[in-house]
Amino acid sequence: KIGRIASGETAKFITNDVTHDPRIHNRKWAQELGLVSFAGYRLLSTAGKPVGVLALFSKHILSPEDDGLLEGLANTTTQVIQSASADEVLQQSEEKLRSILESSPDAITVSDLNGNVIDCNHMTLEMHGASTKEDILGMAAFDFIAKKDHERASKNTELVLKQGIVTNVEYTLVHRDGHEFPGELSASVMRDSSGNPTGFVAITRDITRRKQAEEELRH
């Protein structure tokens, strides 16, 4: 019966005579257990696809009111299953995103609209000399940039909000021990489902070796 319900042959199946109903195959087993009724409800996703079956045997007759309650429970169960599936998909997506972030050779930081860092990858720690993410989280993103470049960085932040992205902007960056080094930064704005900006993603590359090579070529 569960298979027939799941396959879509019938949306639900109810009987209050499991010991005599020819549609119940294990009538002897039901009689030995004192079972009287059976109910099964197909669980459909919002897209109309079957996601499972809510089925039960009972030692009592199922009234129309019981049927209504069980059908409501089936709908609730469907929502729970879909929510759990969505959470699993979200977790898998987050794990894939984290894997991508951590495999990047560049520093990647995520900051809120106030410019405070809310996430970063390991390369960010390495580039700026931090031991743990806690050393970075909550910092102002501008703290990674030398003060002489703050005014230009502020203008570029306004530009990111206006056009959505800026790429390959060179700044003088700052290490936690105080030394400065050249970096190249690209930033884009994050938006919610309504299109409102929620923060920024910045990708930063240490270009010290590139600058040294350019200097050597000039000489």
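How many nonpolar, polar and charged residues are in the lining of the largest pocket? By class, this lining has 16 nonpolar, nine polar and no charged residues. The model on display is predicted.

Begin with the largest pocket, which holds about 390 Å³ of space. Select Ala141, Phe142, Thr157, Leu185 and Ala202: of the 25 residues that line this pocket, these are the closest to its centre. Next, colour the elements that give two or more residues to the lining: helices H4 (122-128) and H5 (150-163), together with strands E4 (107-112), E6 (165-174), E7 (180-191) and E8 (197-206).

Five of its six residues are buried, so E4 is largely enclosed by the rest of the structure. Display E8 beside E4: the two strands pair in the antiparallel sense over six bridges, and Ile108 stands opposite Ile203 in E8. In the hairpin of E4 and E5, four residues lie between the strands, and Gly115 takes a positive phi near 85°.

Strand E2 (37-44) and helix H3 (64-103) each give two or more residues to the lining; H3 gives the most, with five. By class, the lining of this second pocket has five nonpolar, three polar and three charged residues.

Notes: Residues numbered from 1 in each chain as written. Predicted model: local features only at pLDDT ≥ 70, side-chain atom pairs only at ≥ 80, totals over all residues. Heavy atoms only, no water. 1 Å grid on protein atoms, 1.4 Å probe; cavity = no way out; pocket = protein on both sides within 12 Å on 5 of 7 lines; lining within 4 Å. Points joined across faces, edges and corners; volume = space filled by probe spheres on them. Nonpolar A, V, L, I, M, F, W, Y, C, P; charged D, E, K, R; others polar. Buried < 20%, exposed > 50% of the residue type's maximum accessible area, 1.4 Å probe, protein only. Pairing = 2+ DSSP bridges.
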